[in-house]
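This briefing is meant to be read alongside the sequence and the three-dimensional model. Please keep both at hand while going through the points.

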Amino acid sequence: MSRGKITTPSSLAALAEHRMVIEAVTPEIDGGRFAAKAVAGWPLKISADLFGDGHEVFSAAVILPDGREERMAFIDNDRWGAEVTFDTPGPAAFSIIAWRDVWGTWAYGTRKKVDAGQDVSVELMEAAAILAETKAPRGTTSELKALAKAAKKGDVEALLSPGAASLMNLIGPRANLTRYPVDVPVWVDRERAAFSAWYELFPRSMGPEGRHGTFRDVIERLGYVRDLGFDVLYFPPIHPIGTTNRKGRNNALRAEAGDIGSPYAIGSPEGGMMDVHPELGTLEDFDALVAAASEEGLEIALDIALNASPDHPWISEHPDWFERRPDGSIKFAENPPKKYEDIVNFRYYNDDGTANAPFWEAVRDLFLFWAKRGVLCFRVDNPHTKPFPFWQWIIAEVRQEHPGAIFLSEAFTRPKVMKRLAKVGFNQSYTYYTWRNTKAELTEYLTELTTEECSDYMRPNFFTNTPDINPIFLHTSGRPGFRTRLIMAASLAGNYGMYSGFELCEGEPLPGKEEYLDSEKYELKHRDFDAPGHIKDDIRLINRIRQSEPAMRDFRNLKFFEASDERVLYYGRFDEASGNYLLFHVLLDPLNPAHFEFEVPLWEFGLTDDGEIGVTDMLYGNSFTWHGKTHLLTLDPQERPYAIWKLSPPEAAE
């Protein structure tokens, strides 16, 4: 029986070149089809399985586009890792190289023979040969010559010294050098993409009682938003609103005289998505608002809602940009059984399956239009109802001119759809936080977001509420529920946000629905922001902690701990690089107090169960010492529904 031909000389050579094994690289998204996300100035952890045949010593490094190498360190079980830092927002990449460490292998075997009292004369000859093959980069010639002399004299201890190991680790020969075949793409964001606090308001509600607000009125409110500690001020659509099928108050199908309509029904004879509603002011007024916000340390975020009212100018200018029914009539938006009679559908693909390119380009241009006016934060309405290739192309196009642009995906939909949107480029994502209320639900969901593969590309933005979503939990929780949902949103995620009125504990629902009664989407709201019962002090506190404590930045450092009461969520944010450690206790029951036992995680600091650790109560500012691992705490929904502790381990205090 003849053998089949397995390899050709060329394939044999190609296989032989890759003697080292490099696999299971992270972060690598779908084999490199999509970019992992990093933040300029933040360390990016890279790891891989690296091994080879035999008992040789191996080495590896991460290779960056500029040629820099960052050596990888052995972790365990053939897993190696390194941290790299990218300095500039924009596209980047990395790859990995691994090799048989010739000098390291020699030193490892020779040390064993020396310790066993065996003759190493041949090993000294091997060392001399290795050193002769080694090229000395500038500044290392004298050290290399010294090692060569030691080999000639037979000074094996000099050759096995830590100094020799350090030098040869840098300049020693690399055998069977193998490179990972993929340049793994990375998208590097500015920090605000990963760490931000958003506040949403309707500009039209910022005027005095009885008057439509303007951009100039919003300028007067910037100090309020900044005082609360937010850094992104987000507006629903600010464009002209259609009149055809305009919705009335509380989403009534028929508008009464004076009803202002939903800002999501975009377009009228006054213009479309690159225009502003006349009652808000002019584009020049908007420019003044953006400039004033910048002086306050705030960025303006706009809602890009691809919703056209039946009065949108594009309908007459570009009729082929809209979906039509068989009878030729324009198709209104609907999500059965819901209908949106004041909105019509755009057409993303032609009948032959090709992209409706002129429309795609127009949407790209509207993003670029607002970016040129100083807006680089975009909340995108319902992106999951538009094609994924559309968003992948749009985001890439905008980033070519504005690598600092931030896209927030408002997609409350299936998990894999949400994750795909993050893969194609969205910097931040709305999440299921709004509907996660129990300890088990929150722990499971946050463990997924912080430890599974999605943590390499999907950044959650925990909104406490939105104009569309009045969470059922808040309908009956009273003020304690608003306080705890705020604290968890701001401390469990790097990005979080709230819709105006949350600080006043507004929660009256439209009967039987997860919506607000007298919704601001359909009418003006004039609030007394100093009304009794507000939670502005809680907002200021948590935003101040977020800014002052390094552990609050990268949400993936989250760790959960056990409290003896299932109504208490207990977790920590630990940043070892800065030595910053915070613990949180949050009472999930807004009606009843909890008296419970918890363990201080002394083990995280290498302390024994009877050790002690310094602690500061971040609510009241007093400092003391916790002695031992087990402690008791009472949380009362009316007095103190949460606790935040800053830990000072002994070495930090020293």
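The notes below move from the overall fold to individual helices, aromatic and charged groups, and backbone details.

The structure is a predicted model. The chain has 654 residues, of which 54% count as buried. Its secondary structure comprises 16 helices and 28 strands.

**Overall fold**

- The C-alpha trace of the chain spans about 100 × 70 × 55 Å along its principal axes.
- Among contacts in the chain with a separation of 6 or more, 74% are between residues 24 or more positions apart.

**Helix α8**

- Helix α8 covers residues 283-295, and its end C-alpha atoms are 19 Å apart, which agrees with the 18 Å that its 13 residues should span at 1.5 Å a residue.
- The buried residues of α8 are Leu283, Asp285, Phe286, Leu289, Val290, Ala292 and Ala293.
- The cover over these buried residues of α8 includes the helices α7 and α10 as well as the strands β12 (232-235) and β13 (299-304).
- Glycine 297 follows α8 and has a positive phi, near 80 degrees.

**Helix α15**

- Helix α15 is formed by residues 536-548, 13 residues in total, and reaches 18 Å from its first C-alpha to its last, close to the 18 Å expected at 1.5 Å a residue.
- The buried residues of α15 are Lys536, Asp538, Ile539, Leu541, Ile542, Asn543, Ile545 and Arg546.

**Packing of helices α4 and α6**

- Two packed helices are described by the angle between their axes and the distance between the axes.
- For helix α4 (residues 141-153) and helix α6 (residues 162-171), the axes come within 11 Å and cross at roughly 120 degrees.
- The crossing of α4 and α6 is left-handed.
- Glu143, Leu144 and Leu147 of α4 make the contact with Ala164, Leu167, Met168 and Ile171 of α6.

**Aromatic pairs**

- The count of aromatic pairs comes to 51.
- One of these is an edge-to-face pair between tryptophan 314 and phenylalanine 359, with 6.5 Å centre to centre and 90 degrees between the planes.
- This pair links distant parts of the chain, 45 residues apart: tryptophan 314 is in helix α9 (residues 313-317) and phenylalanine 359 is in helix α10 (residues 357-372).
- Tryptophan 314 and phenylalanine 359 are both buried.
- Phenylalanine 412 and tryptophan 435 also form an edge-to-face pair, at 5.2 Å centre to centre and 85 degrees between the planes.
- Phenylalanine 412 lies in the loop between β17 (406-410) and α12 (415-424), and tryptophan 435 in the loop between β18 (428-429) and α13 (439-451), so the pair ties together parts that are 23 residues apart in sequence.
- Phenylalanine 412 is partly exposed, at a relative accessible area of 23%, and tryptophan 435 is partly exposed, at 30%.

**Charges over rings**

- Arginine 174 has its charged end over the ring of tryptophan 99, 3.9 Å from the ring centre.
- Arginine 436 has its charged end over the ring of tyrosine 445, 5.2 Å from the ring centre.

**Loop between β12 and α8**

- Serine 262 is located in the loop between β12 and α8.
- Serine 262 has a relative accessibility of 6% and therefore counts as buried, the cut-off being under 20%.
- Leaving aside residues up to four places away in sequence, serine 262 touches Ile241, Asp342, Lys521 and Tyr522.
- Asparagine 250 is also found in the loop between β12 and α8.
- The phi of asparagine 250 is positive, near 55 degrees, in a residue other than glycine.
- Asparagine 250 is partly exposed, with a relative accessible area of 25%.

**Further backbone details**

- The peptide bond from threonine 26 to proline 27 is cis, and its omega is near -5 degrees.
- Proline 27 belongs to the loop between β1 (21-26) and β2 (36-39).
- Aspartate 518, found in the loop between β20 and α15, has a positive phi of about 55 degrees although it is not a glycine.
- Aspartate 518 counts as partly exposed at 32% relative accessibility.

Key: Residues numbered from 1 in each chain as written. Predicted model: local features only at pLDDT ≥ 70, side-chain atom pairs only at ≥ 80, totals over all residues. Heavy atoms only, no water. Helix = DSSP H or I, 4+ residues; strand = E, 2+ residues; numbered from the N terminus. Expected span 1.5 Å × (residues − 1). Buried < 20%, exposed > 50% of the residue type's maximum accessible area, 1.4 Å probe, protein only. Phe/Tyr/Trp six-rings, centres within 6.5 Å; stacked < 30°, edge-to-face > 60°. Lys NZ or Arg CZ within 6 Å of the ring centre and 35° of its normal. Axes fitted to C-alpha atoms, helices over the stretch in contact; angles between N-to-C directions. Left-handed = near helix turned anticlockwise from the far one by under 90°. Contact = heavy atoms within 4.5 Å.
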